[in-house]
Amino acid sequence: MDYVNRATGATKEQVGKAMGNPELESKGHAQKAQAMGEQQIKGAKQSVEHTGEQGESALKQAGDKAKNLGGGVKQQVGETCGSQQTANEGRMDQAEASAKDTIHGQQKDMHGNLK
């Protein structure tokens with residue numbers, strides 16, 4: 001709709017100029033400027049939303065990677081101390097984090113392809 005208002009304003013501006021009607025020219029210029037401003041605001045909002053979504057996705061993946069590393073440490077501690085249960089918990093933490101990281105990466109790719 002912004003494009004229609006912009007084009008309509010530009011047309012009014014040109015007609016006003018051609019007919020020597022400064023009032024129509026001024027109204028057309030104002031309508032065109034308002035439409036351009038609304039278009040810029042809409043573009044800025046979309047850019048902010050996209051940046052926020054990218055940040056959220058990166059944060060989720062960072063959390064998954066941290067859990068994966070923590071699981072590895074837990075596994076090593078369990079093996080070093082002879083606690084099979086702790087080692088197994090560490091392996092499970094790693095597997096879960098790896099699966100979530102893969103899912104978040106795929107979601108990020110899908111979202112990028114939709115934009």
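User: Which residues does Q61 touch, not counting residues up to four places away in sequence?

Analyst: Before the reply, a word on the basis: this is a predicted model, in which local features need pLDDT of at least 70, side-chain atom pairs count only at pLDDT 80 or more, and totals for chains, interfaces and linings use all residues. Residues are numbered from 1 along each chain as its sequence is written, and side-chain values use heavy atoms, with hydrogens and water left out. Contact means heavy atoms within 4.5 Å. By that rule, Q61 touches D101, H104, G105 and K108, residues up to four places away in sequence not being counted.

User: Where is Q61 placed, and is Q61 buried or exposed?

Analyst: Helices (H or I, at least four residues) and strands (E, at least two) are DSSP runs, numbered from the N terminus. Q61 has its place in helix 2. Buried means under 20% relative accessible area, exposed over 50%, and partly exposed in between (1.4 Å probe, protein chains only). Because its relative accessible area is 15%, Q61 is buried. Q75 also lies in helix 2, and at 15% relative accessibility Q75 counts as buried. Apart from residues up to four places away in sequence, Q75 touches T86, A87, G90, R91 and Q94.

User: How should I read the packing of helix 1 and helix 2, and at what angle do their axes cross?

Analyst: Two packed helices are described by the angle between their axes and the distance between the axes. Axes are lines fitted to C-alpha atoms, for helices over the stretch in contact, and angles run from 0 to 180 degrees between N-to-C directions. Here the axes of helix 1 (residues 2-19) and helix 2 (residues 22-81) cross at roughly 160 degrees and come within 7 Å. Helix 1 is therefore roughly antiparallel to helix 2 (angles under 35 degrees count as roughly parallel, over 145 as roughly antiparallel, 65 to 115 as roughly perpendicular and the rest as oblique).

User: What kinds of residues make up the contact of helix 1 with helix 2?

Analyst: Among the residues that meet are D2, T8, E13 and K17 in helix 1 and L24, G28, H29 and K32 in helix 2. The residues of this contact divide into 6 nonpolar, 8 polar and 9 charged (Ala, Val, Leu, Ile, Met, Phe, Trp, Tyr, Cys and Pro count as nonpolar, Asp, Glu, Lys and Arg as charged, and the others, Gly among them, as polar). The C-alpha atoms of T8 and G28, 20 residues apart along the chain, are separated by 7.3 Å.

User: With which side chains does the side chain of E13 make a polar contact?

Analyst: A polar contact is a pair of N or O atoms within 3.5 Å; within protein, one must be able to donate a hydrogen and the other to accept it, and residues adjacent in sequence count only if both atoms are side-chain atoms. The side chain of E13 makes such a contact with the side chain of H29 (3.1 Å) and another with the side chain of K32 (2.9 Å). E13, placed in helix 1, counts as buried at 10% relative accessibility.

User: Is M19 buried or exposed?

Analyst: M19 is found in helix 1 and, at 62% relative accessibility, counts as exposed.
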